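Here is a friendly tour of one structure, arranged so that you can check each point against the coordinates. Please have your viewer open as you read.

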Amino acid sequence: MTAIPLGVPRRLVEFTLDGQEARVPEGATILDACRAAGKDIPTLCQGDTLTPKNACRVCVVEVEGARTLAPACSRKAEAGMEVRTDTERARHSRKVVLELLASSVNLSTTPRAAEWIKEYEAKPDRFGPDAARVDEEPRVDNDLYVRDYDKCILCYKCVDACGDQWQNTFAISVVGRGFDARIAVEHDAPLTDSACVYCGNCVEVCPTGALSFKSEFDMRAAGTWNEAEQTETTTVCAYCGVGCNLTLHVQDNEIVKVTSPHDNPVTHGNLCIKGRFGYQHVQNRD
Ligand code: SF4
Ligand code: SF4
Ligand code: FES
């Protein structure tokens with residue numbers, strides 16, 4: 001039986017969302033309210049297990065009386081607030097953010113990016129090929145996961161997951177400033193020479209596929225990666241007694257990657273190297 005944490009009862013906050021009355025528990029964000037109301041707001045740097053970093057600004061909405069647009073993912077709903085999510089100003093801002101991101105990095109493996117680019121009529125190529133922020137080969141320096149920084153939007157989710165929000169390993173950080181800013185391990189070394197413990201919690205939160213399982217990377221390169229044909233089965237990790245939940249992604253009767261449910265009250269989507277990557281023996285048929 002899964003334990004459902006009930007938490008302390010929270011007061012409800014009443015405000016107006018696109019002209020309709022909305023009520024959310026105190027502390028909920030505008031994005032929480034939008035999702036509860038079935039409104040589809042694009043998000044990239046928001047993560048359900050991490051504190052919002054407000055890095056991408058693709059989720060902006062208009063708050064009556066505010067000079068600037070507000071990031072829905074981090075702005076808490078307040079009593080009496082009047083929020084509009086689909087105004088010309090908000091849509092234009094999302095369009096420009098998508099154009100800037102899609103012209104500077106490769107969003108080909110970012111879920112829903114193509115859909116949003118179409119919806120907001122963003123034109124990523126209007127800045128020309130010189131807009132590419134990074135232009136380098138994917139870093140394949142170990143057997144477990146690949147770092148492809150051409151796809152990195154500098155959302156800092158991996159840094160937070162590796163650092164004080166979850167893993168406390170602090171193997172990865174942002175180096176450089178401005179246009180030179182990039183994610184790296186100490187001395188920009190290969191992963192094998194770093195403090196990384198290969199928990200893969202950074203891969204779990206990366207929204208763009210800049211960090212991916214080596215298995216997924218290889219299958220994409222071979223043209224055999226097919227998410228539509230994959231099944232997902234959640235089970236309990238058998239390596240130790242912590243009881244982490246593993247979601248096995250299976251294609252053609254092979255485990256192709258392992259994630260973990262973010263709503264698990266113990267692990268919140270985090271695993272260790274054994275649970276995340278130690279599945280090869282299952283498919284050893286010898
Ligand atoms: S590698 Fe992924 S999670 Fe880390 S900053 Fe880049 S896009 Fe975000
Ligand atoms: S993922 Fe790691 S910590 Fe969790 S149950 Fe498996 S071996 Fe134990
Ligand atoms: S999703 Fe809100 S700022 Fe990135």
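Let's begin with Leu-44, which sits in the loop between α1 (30-36) and β3; helices (H or I, at least four residues) and strands (E, at least two) are DSSP runs, numbered from the N terminus. This is a predicted model, in which local features need pLDDT of at least 70 and side-chain atom pairs count only at pLDDT 80 or more, while totals for chains, interfaces and linings use all residues. Residues are numbered from 1 along each chain as its sequence is written, chains are lettered from A and ligands numbered from 1 in the order in which they are written, and side-chain values use heavy atoms, with hydrogens and water left out.

**Around Leu-44**

- Leu-44 counts as buried, at 5% relative accessibility; buried means under 20% relative accessible area, exposed over 50%, and partly exposed in between (1.4 Å probe, protein chains only).
- Leaving aside neighbours within four places in sequence, Leu-44 is in contact with Cys-56, Val-58, Leu-101, Thr-110, Trp-116, Ile-153, Lys-157 and Pro-207, where contact means heavy atoms within 4.5 Å.
- Leu-44 and Glu-227 are 183 residues apart along the chain, and their C-alpha atoms are separated by 20 Å.

- Helix α2 (residues 88-104) has 17 residues and spans 24 Å from its first C-alpha to its last, close to the expected 24 Å; the expected span of a helix is 1.5 Å times one less than its number of residues.
- The buried residues of α2 are Ala-90, Ser-93, Arg-94, Val-97, Leu-98, Glu-99, Leu-101, Ala-102, Ser-103 and Ser-104.
- An α-helix has 3.6 residues a turn, so residues three or four places apart point the same way.
- The cover over the buried residues of α2 includes β3 (60-63) and α3 (113-119).
- In helix α6 (residues 214-222), the residues Lys-214, Glu-216 and Met-219 are buried.
- Among the elements that cover the buried residues of α6 are β6, β9, β11 (245-251) and β12 (254-259).

**Aromatic pairs**

- How many aromatic pairs does the structure hold? There are three, with rings of Phe, Tyr and Trp (its six-membered ring) pairing if their centres lie within 6.5 Å; planes under 30 degrees apart count as stacked, over 60 as edge-to-face and the rest as tilted.
- Tyr-145 and Phe-277 form a stacked pair, with 6.4 Å centre to centre and 10° between the planes.
- That pair links distant parts of the chain, 132 residues apart: Tyr-145 is in strand β6 (residues 145-147) and Phe-277 in helix α7 (residues 273-277).
- Tyr-145 is buried, with a relative accessible area of 3%, and Phe-277 is buried at 4% relative accessibility.
- Phe-213 and Phe-277 make a tilted pair, 5.0 Å centre to centre with 45° between the planes.
- Phe-213 lies in strand β9 (residues 211-213) and Phe-277 in helix α7, so this pair ties together parts that are 64 residues apart in sequence.
- Ring pairs link Tyr-145, Tyr-198, Phe-213 and Phe-277 into a cluster.

**Ligands and cysteines**

- Ligand 1 is surrounded by 13 residues, and the closest are Cys-152, Cys-155, Tyr-156, Cys-158 and Cys-206; a residue is near a molecule if one of its heavy atoms lies within 4 Å of it.
- The shell around ligand 1 has 11 nonpolar, one polar and one charged residues; Ala, Val, Leu, Ile, Met, Phe, Trp, Tyr, Cys and Pro count as nonpolar, Asp, Glu, Lys and Arg as charged, and the others, Gly among them, as polar.
- Around ligand 2 are Cys-237, Tyr-239, Cys-240, Val-242, Gly-243, Cys-244, Leu-271, Cys-272, Lys-274 and Gly-275.
- The shell of ligand 2 divides into seven nonpolar, two polar and one charged.
- A search of the whole structure finds zero disulfides, a disulfide being a pair of cysteine sulfur atoms within 2.5 Å.
- Cys-202 is in no disulfide, and its nearest cysteine sulfur, that of Cys-199, is 6.1 Å away.
- Cys-202 is buried, with a relative accessible area of 8%.

**Positive phi values**

- Most residues other than glycine have a negative phi.
- Asp-188 has a positive phi near 50°; Asp-188 lies in the loop between β8 (182-185) and α5 (201-205) and is partly exposed at 34%.
- Asp-252 also has a positive phi, near 50°; Asp-252 is in the loop between β11 and β12 and is exposed, with a relative accessible area of 62%.
- Gly-223, which follows α6, has a positive phi near 75°.
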